[in-house]
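Take a look at the structure below.

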Amino acid sequence: MVWLCVAIGLVAVLAWLAARWRSDRLTRSWREGEVERLHDLVWRTSESEERYRSLVEAQIELVVQRDLEGRITFANRGFADLLGTTPEALLGTMREADVVESGVMHQRADGARLVDLAIQPAGGGPLRWFAFVETVTVGRDGRAEMLRAGRDVTERVEAARFLEEARSRAEAASVAKSRFIASVSHEFRTPLNGIMGMADLMLDTPLNPEQRTYAEAVKTSGEALLSLIDGILDFSKIEAGRLDLAAEPFDPAALVESVVELLAPRAQDKGLEIAADIEALPATVIGDADRVRQILINLAGNAVKFTEAGGVGVTAAWEADGLTVAVHDTGPGIPEERLPMLFQEFEQGDGSASRRHEGTGLGLAITQRLVDRMGGRLAVTSCPGEGSCFRVHLPLSKGPDRIRQPPPSLDGQRVLVVAAAAFEAPYIARRLGRAGAEAVVVESAAEAVTALSGDAFAAVVADRALGDAAVRGIAAAARQAGVSRSIVLLSPFDRREFGSPAAAGFDRYLIKPVRLTSLLARLAEPTPPPTRAPAAREGAVRPSSRRPRVLLAEDNPINALLATKALERLGAVVLWARDGAEAVARLQEAATSATQFDLALVDIRMPILDGLEAARQVRAHEAEHRLPRLRLVALTANVQAEDQAAALDAGFDGFLSKPLDLKALPPLLEAQAA
């Protein structure tokens with residue numbers, strides 16, 4: 001029994017020992033696994049830290065941490081190398097990098113501060129720029145510390161500075177170029193004023209045909225040179241970005257008609273017709289009238305220049321988003337392959353060395369840039385042998401409504417238009433149709449006689465270009481057919497040569513290009529008005545109780561002679577002042593005497609005292625002594641908008657550009673005589 005108990009005890013002990021052994025084995029296994037897991041975690045943490053450190057060091061070269069007293073508590077190898085020492089040697093010190101230049105400090109919303117610093121390395125070498133970020137951190141002891149991390153941005157800063165310097169140099173060069181061109185333009189215009197003005201004076205004197213040909217050639221060459229100067233100046237201003245656009249109300253219909261009338265003499269000299277057809281346009285639109293006029297003059301002027309036979313037609317219409325103007329011609333056309341190059345600088349439709357027309361090729365380039373500046377569109381369609389069409393659309397807005405008298409109604413009238421014209425005749429027919437009339441267009445006198453013999457017409461409009469005998473025959477046939485109104489179309493040259501329209505059987509005449517208002521007014525008149533006295537010669541000053549007195553302030557003797565002779569021919573008494581100081585003295589002396597001046601023409605650029613300061617002194621003298629305001633008109637070869645604005649701000653009432661247009665002088669004297 002005892003042995004049984006002993007055996008049972010031994011079995012129990014052995015079972016306990018076995019269980020303990022199994023437990024110890026499991027514990028050792030767990031411990032070994034836990035140790036292995038911890039080793040793996042340490043390895044991964046170390047790898048992550050190394051990866052993070054590599055990433056930070058790839059982005060940030062300098063790291064330094066300081067306590068609130070400025071002592072370094074941590075510095076990386078990059079910061080130590082910059083100061084020429086080791087990280088360990090920096091701990092506890094207050095050493096700073098050698099900052100040569102500092103940018104502007106910026107603070108972010110999270111409190112971090114950003115600044116760019118230029119640092120000189122301790123061992124010498126080139127200056128290096130670093131972009132630093134400063135943040136507040138908490139150290140091991142719980143105290144706040146300042147952490148500064150910097151990234152090398154030397155290449156970025158140097159590239160930015162290089163670009164800024166290049167931009168500054170380019171802007172300075174652009175300003176210098178603009179000033180140079182403006183100065184050269186002024187210097188060109190001064191002798192041109194004498195050349196063209198003297199040619200005008202010479203053409204007003206008795207000349208034999210050969211002399212007149214030479215004088216006209218001088219004037220034509222001067223005008224070509226002036227156009228070239230204006231083109232170069234405009235191109236320079238646009239290229240420099242110094243072109244400012246005005247936003248003022250103007251009448252688009254009047255502008256288009258004025259451009260066509262301006263180019264008419266040039267076209268008629270070549271035996272071409274030029275006409276305009278203007279559909280219903282707003283009374284006013286908002287925009288830069290001068291630049292719109294320049295666009296139209298460039299396009300229509302080019303059409304006249306390159307067209308040898310036929311004519312040029314200008315149409316204008318209003319669309320929902322602006323003004324559309326098209327310039328058609330019967331010229332030689334442009335090859336399709338050259339159309340994309342037309343609007344490039346120094347390019348022309350004919351790029352060959354044997355081209356017939358000279359020029360810089362800047363006109364269309366300037367036009368394209370002006371249209372782009374206005375936000376518009378410019379397109380061209382052309383076919384060799386069939387002419388070209390340049391169409392421009394400008395997004396102008398309607399201006400304030402203006403009360404204008406409605407055009408006369410021609411409802412029920414039938415009008416016969418006799419003209420072999422590509423543009424004038426169909427344009428007249430369109431205008432008459434919009435006024436309510438029925439227009440019939442024929443191209444010859446024989447067709448006109450046939451039409452008059454078969455149908456009844458209220459009026460006949462015949463173009464003198466058909467020939468004197470032809471139009472006289474048309475007038476006679478109209479009288480026989482009982483037509484109540486007959487009108488002959490004449491160019492200004494025709495008007496001098498044709499003689500009295502009444503003697504040719506016509507009761508009215510219209511000067512080409514025909515204005516819509518004039519055409520409708522002539523056709524709507526109930527009866528011919530009584531014969532009027534002959535009109536006064538163009539440029540003549542109407543009689544006055546005394547001759548107007550004019551002070552001319554001009555330092556250039558040739559220009560002074562030109563203006564003096566032109567004014568004296570108009571009946572004025574001219575006194576010449578050679579500089580601004582003399583002009584002011586003469587004006588102030590005459591202001592309180594019986595020999596007051598009626599008008600003063602003052603050059604802007606003069607020695608001793610320029611025209612602007614002279615105008616200011618004259619206005620100040622008038623205000624101080626309560627004198628009547630003298631009419632001051634500025635003369636200048638600088639034709640930019642800012643020059644005109646400066647003249648008006650100085651006290652001038654008007655502005656005349658050089659070369660001086662002698663036709664602009666009579667209105668000035670007439671205004672004084674009124």
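Three bridges connect S8 to strand S10 (residues 285-287), and the two run antiparallel. The model shown here is predicted. Within this pairing, Pro249 sits opposite Ile286 in S10.

S8 and S10 belong to an open sheet of three strands. The order is S8-S10-S15, and the pairing is antiparallel. Strand S8 (248-250) and strand S15 (397-398) form the edges. Each has a single partner strand, so one side of each lacks a neighbour in the sheet.

## Two helix pairs

Next come helices that pack together. Two packed helices are described by the angle between their axes and the distance between the axes. The table gives both values for each pair.

| Helix pair | Angle | Axis distance |
|---|---|---|
| H7 (residues 289-306) and H8 (residues 363-373) | about 145° | 10 Å |
| H9 (residues 424-434) and H13 (residues 516-524) | about 65° | 11 Å |

Start with H7 and H8. Their crossing is left-handed. H7 brings Arg291, Gln294, Ile295, Asn298, Leu299 and Asn302 to the contact. H8 brings Gly363, Leu364, Ile366, Thr367, Leu370 and Val371. The residues of this contact divide into six nonpolar, five polar and one charged.

Now take H9 and H13. Their crossing is right-handed. On H9, the contact is made by Ile428, Arg431 and Leu432. On H13, Leu516, Leu519, Leu520 and Leu523 take part. Here the contact residues divide into six nonpolar, no polar and one charged.

## One face of H10

Which residues of helix H10 (residues 445-454) are buried? They are Ala448, Ala451 and Leu452. An α-helix has 3.6 residues a turn, so residues three or four places apart point the same way. Seen down the axis of H10, the buried residues fall within an arc of 100°, so they line one face of the helix.

The other side of H10 has exposed residues: Ala446, Thr450, Ser453 and Gly454.

What covers the buried residues of H10? The cover includes three strands: S16 (414-418), S17 (438-442) and S18 (459-463). Helix H11 (468-480) is also part of the cover.

Definitions and conventions:
Residues are numbered from 1 along each chain as its sequence is written. This is a predicted model: local features need pLDDT of at least 70, side-chain atom pairs count only at pLDDT 80 or more; totals for chains, interfaces and linings use all residues. Side-chain values use heavy atoms; hydrogens and water are left out. Axes are lines fitted to C-alpha atoms, for helices over the stretch in contact, and angles run from 0 to 180 degrees between N-to-C directions. Helices (H or I, at least four residues) and strands (E, at least two) are DSSP runs, numbered from the N terminus. A crossing is left-handed if the near helix is turned anticlockwise from the far one by less than a right angle, and right-handed if clockwise. Contact means heavy atoms within 4.5 Å. Ala, Val, Leu, Ile, Met, Phe, Trp, Tyr, Cys and Pro count as nonpolar, Asp, Glu, Lys and Arg as charged, and the others, Gly among them, as polar. Two strands pair if DSSP finds at least two bridges between them. Buried means under 20% relative accessible area, exposed over 50%, partly exposed in between (1.4 Å probe, protein chains only). The arc is that of the directions from the helix axis to the C-beta atoms.
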